[in-house]
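Here is a short briefing to read alongside the coordinates. Keep a viewer open and follow the topics in turn.

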Number of protein chains: 2
Amino acid sequence: MGAMPEAVSIREVGPRDGLQNEEPVPTAAKVRLIDALSATGVGRIEAVSFVHPKAIPQMADADEVWRRAVKNPAVSYSALVPNSRGAQRALAAGFREIEVVVSASDTHNRKNVNRSTAESLDDIAALVPVLHEAGARVEVIVSTAFGCPYEGDVAPERVAAIVDRVRADGADRIAFGDTTGMGTPRRVRELLSRVRERHADAPLLLHFHNTRGTALANILTALELGVTEFDAAVGGLGGCPYAPGASGNVATEEVVHLLHDMGIRTGIDLDALIGAAELAREIVGKELPSGVLRAGPRTRLTAAG
Amino acid sequence: MGAMPEAVSIREVGPRDGLQNEEPVPTAAKVRLIDALSATGVGRIEAVSFVHPKAIPQMADADEVWRRAVKNPAVSYSALVPNSRGAQRALAAGFREIEVVVSASDTHNRKNVNRSTAESLDDIAALVPVLHEAGARVEVIVSTAFGCPYEGDVAPERVAAIVDRVRADGADRIAFGDTTGMGTPRRVRELLSRVRERHADAPLLLHFHNTRGTALANILTALELGVTEFDAAVGGLGGCPYAPGASGNVATEEVVHLLHDMGIRTGIDLDALIGAAELAREIVGKELPSGVLRAGPRTRLTAAG
């Protein structure tokens, strides 16, 4: 085990990536979830996306959700946008942390936005200066970075070339999305090695799905390689509607439980987070995949009775 | 990442530890599952336990299950026994690989067998020569080795002292059971370091439950420390009836999927194993926690259609 970081920054994506991939829930429920998460000590929350309501009805009320949510000054809130129209809505709503997405695999990108990866990269190149002009920071999320459900393995070089391009075009931050849970410790190691050769200092966030049980093993590997930023969704909410077979995001409380056991700080109160996961379960009205939600943390003992 | 082993030996425990902790299923179903597993290439199968039928009705038909199962000469089959009576039944049935159990934490041992850890260790000391005399090899499974749901953390020294004792008493092999999924990469590292100081060469097997999502991260850590033997249960069958909050064993197909992606051989045909997991799901009549069962391996692509 290499030297581990002393602290990790978690971005909570349950309200957006999570709820976007569940059956639609009422506006008030979304607001309650964001507010509960804002009180856990988490430093970053992906709050909403500004997408076309016909494409993604789950986010049709993004403006109202955001208007009603408590804005905790200790939290950095972000919004995801699919295009220029969404970016304008996000800016008008007051967001200054904006995420845009492109898939590393052409087939997945076409399925997702009906454009080639190259076309999406051109769109991003045009969008970044507009967002910068408005005082926003731009994160480019590279989806299918660890594999594509249609094309299979995605060569690390292909992902690295996308990083080259978007960094040159002004992206402030990069995220790699394991869209359908094809990531493994080996793939994490291979991709990070390749990217770090050319972008040693680029702010990099990893986003894992636990589709095949590997999410915490992937995070452990990434920690050993010095990564200190991860996405996670409370309760393990969400999946990917465009990706057959995908299950939810790695559960935030499973990540925090692991990190705290290793002595790595997150700033998050695990009990408060589990409370937010209980709320998430109540909101979607079904069991969620999080083991720490079901069983509690390892420190929660049972009376011998 | 340290040097990884080239090959790993998996012991499939679904027929025993898995089915013992599910609702009882018919004898014929147990036989079918063992036979399906025997054809996957797995080298070891924990087939049955010889326990009192009132205590564990799921294993009341152990003799008949074993009589009817195909004995593949390429597979080493084992049985778990709680006491001398069970050991005699296992020997009479023809088993020569016998597992006995003791919990590292006194409270768990008392809950499990109504005896102190020290009393169970004395029982094992008396049983080992009897089993050796009959030509059997004895594995001592140390339960709650990574934590006890009643007592909390279990000091690595306590587990190491049990290893000292049972090795001195003639145990051929040692297993550490993460009975309620309290294991984490940190705990794996701490326990193995302590035990390896004094028993560098003892055959050691690790048994993880995925209660809090950490099982594959724990296995990854153990691989880095040179461990090459792991228990796993097809489909993620089973839990622990004496341990509140416990969910199932780590799923064999998730372990094999991870190992093969790392280039580590197991001798197991993953497709055949997933077939056995489908059978396990059919037998227990409910969804099982295995992600690789639900989503398929990462190499199974979706038609772009």
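Strands S3 (residues 76-80) and S4 (residues 97-103) of chain A run parallel and are joined by two bridges; strands count as paired if DSSP finds at least two bridges between them. This is a predicted model, in which local features need pLDDT of at least 70, side-chain atom pairs count only at pLDDT 80 or more, and totals for chains, interfaces and linings use all residues. Residues are numbered from 1 along each chain as its sequence is written, chains are lettered from A and ligands numbered from 1 in the order in which they are written, and side-chain values use heavy atoms, with hydrogens and water left out. Helices (H or I, at least four residues) and strands (E, at least two) are DSSP runs, numbered from the N terminus.

**More on the chain A sheet**

- Ala79(A) has Ile98(A) of S4(A) opposite it.
- The whole sheet is a closed barrel of eight strands, in the order S1-S2-S3-S4-S5-S6-S7-S8 of chain A, with parallel pairing.
- On average, neighbouring strands of this sheet are turned by 30° against each other, direction ignored.
- Helix H9 (residues 215-224) of chain A packs on the sheet, where it touches strand S6 (173-178), strand S7 (204-208) and strand S8 (229-232); contact here means heavy atoms within 4.5 Å.
- The direction of H9 makes about 165° with that of S7(A), with axes being lines fitted to C-alpha atoms (for helices over the stretch in contact) and angles running from 0 to 180 degrees between N-to-C directions.

**Around strand S8 of chain A**

- Which residues of S8(A) point which way? Glu229(A) and Asp231(A) point one way, while Phe230(A) and Ala232(A) point the other way, and all are buried (buried is under 20% relative accessible area, exposed over 50%, partly exposed in between, with a 1.4 Å probe and protein chains only).
- As background, side chains in a regular strand alternate between the two faces of the sheet.
- S8(A) pairs in the parallel sense with strand S1 (residues 9-12) of chain A over four bridges, and Ile10(A) stands opposite Phe230(A).
- S7(A) also runs parallel to S8(A), joined by two bridges; His207(A) has Asp231(A) as its bridge partner.
- His209(A) sits in the loop between S7 and H9 of chain A, and counts as buried because its relative accessibility is 2%.
- The side chain of His209(A) reaches the backbone oxygen of Thr179(A) at 3.2 Å. A polar contact is a pair of N or O atoms within 3.5 Å; within protein, one must be able to donate a hydrogen and the other to accept it, and residues adjacent in sequence count only if both atoms are side-chain atoms.

**Chain A as a whole**

- Chain A holds twelve helices and eight strands.
- The radius of gyration of chain A is 18 Å, close to the 19 Å that the globule rule gives for 305 residues, so chain A is as compact as a globular protein of that length. The radius is taken over C-alpha atoms, and the rule is 2.2 Å times the number of residues to the power 0.38.
- The C-alpha trace of chain A spans about 65 × 45 × 35 Å along its principal axes.
- Of the 305 residues in chain A, 60% are buried.
- Among contacts in chain A between residues at least 6 apart in sequence, 75% join residues at least 24 apart.

**How the two chains relate**

- The same surface serves both copies, as 100% of the contact residues of chain B recur in chain A.

**Helix H4 of chain B**

- The buried residues of helix H4 (residues 84-93) of chain B are Gly86(B), Ala87(B), Arg89(B), Ala90(B) and Leu91(B).
- They pack against helix H3 (62-68), strand S3 (76-80), strand S4 (97-103) and helix H6 (117-133) of chain B.
- At the start of H4(B), a side-chain oxygen of Asn83(B) comes to within 3.3 Å of the backbone nitrogen of Arg85(B).
- Just after H4(B), Gly94(B) takes a positive phi of about 105°.
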